[in-house]
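Let's take a friendly walk through this protein. Have a look at the sequence and the 3D view, and then we'll go through a few spots together.

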Amino acid sequence: MRIAVQTDAFDLGEESQRFASDVATSGANAGALVTFTGVVRGSDSGDMVAMEIEHYPGMTERAIEAITQEAQQRWSLADVLVIHRHGRLVPGEQIMMVATAARHRSDAFEAAEYLMDYLKSRAPFWKKELTQDGTGNWVEAKDSDEEALTRWD
């Protein structure tokens, strides 16, 4: 399991290749690898120039680690990778990556979805959309994101 909360951009191809190589050399007998990458999208109004993401170092990593361990147990995962960026990001930049490895594809897909739902709704990140006129608006939780979590109860 690897968790990274970082300001630096990551190379999707490199991270995917490293994850696949680590799984293959571990002898985990995984038959499925799933990766997902989230990208910063623009605002509905079209005036967002950047997103500022804040977090509390240490607390954020511990929260992600706890939910990652839960996913590993729930779906018997061979390995998990979670990368989440913070700082100032512009539309089109990669914001996060989740990779899961399991013996069967359904476990790898479900665990990846579970982790993505958690990261979107419960991971302790605070996001502010910065607009062209220099103002910033905090991103509030969406009912649809909260509803997505109910399927995992």
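## Starting at Val49

Leaving aside residues up to four places away in sequence, Val49 touches Arg88, Val90, Pro91, Leu130, Thr131 and Gln132. Keep in mind that this is a predicted model. You'll find Val49 in strand β3, which covers residues 48-55.

Take Arg88 from that list of contacts. Val49 and Arg88 are 39 residues apart along the chain, and their C-alpha atoms are separated by 10.0 Å.

## Into the core

Now for the inside. The largest nonpolar core has 30 residues, and Ile64, Trp75, Leu77, Ile95, Val98 and Leu119 have the most contacts inside it. Elements giving two or more residues to this core are β2 (32-39), β3, α2 (59-75), β4 (79-85), β6 (94-102) and α3. The most comes from α3, with eight residues.

Not counting residues up to four places away in sequence, Val98 touches Val34, Thr35, Phe36, Leu81, Val82, Ala112, Leu115, Met116 and Leu119.

## Two helices meet

How do helices α3 and α4 pack? Helix α3 (residues 105-121) and helix α4 (residues 143-150) have their axes 9 Å apart, at an angle of about 140 degrees. That angle makes α3 oblique to α4. The crossing of α3 past α4 is left-handed.

On the α3 side, Asp117, Tyr118, Lys120 and Ser121 meet Asp145, Glu146, Ala148 and Leu149 of α4. Sorted by class, this contact has four charged, three nonpolar and one polar residue.

Notes. Residues are numbered from 1 along each chain as its sequence is written. This is a predicted model: local features need pLDDT of at least 70, side-chain atom pairs count only at pLDDT 80 or more; totals for chains, interfaces and linings use all residues. Side-chain values use heavy atoms; hydrogens and water are left out. Axes are lines fitted to C-alpha atoms, for helices over the stretch in contact, and angles run from 0 to 180 degrees between N-to-C directions. Helices (H or I, at least four residues) and strands (E, at least two) are DSSP runs, numbered from the N terminus. Angles under 35 degrees count as roughly parallel, over 145 as roughly antiparallel, 65 to 115 as roughly perpendicular and the rest as oblique. A crossing is left-handed if the near helix is turned anticlockwise from the far one by less than a right angle, and right-handed if clockwise. Contact means heavy atoms within 4.5 Å. Ala, Val, Leu, Ile, Met, Phe, Trp, Tyr, Cys and Pro count as nonpolar, Asp, Glu, Lys and Arg as charged, and the others, Gly among them, as polar. A nonpolar core is a set of buried Ala, Val, Leu, Ile, Met, Phe, Trp, Tyr and Cys residues joined through side-chain atoms within 4.5 Å. Buried means under 20% relative accessible area, exposed over 50%, partly exposed in between (1.4 Å probe, protein chains only).
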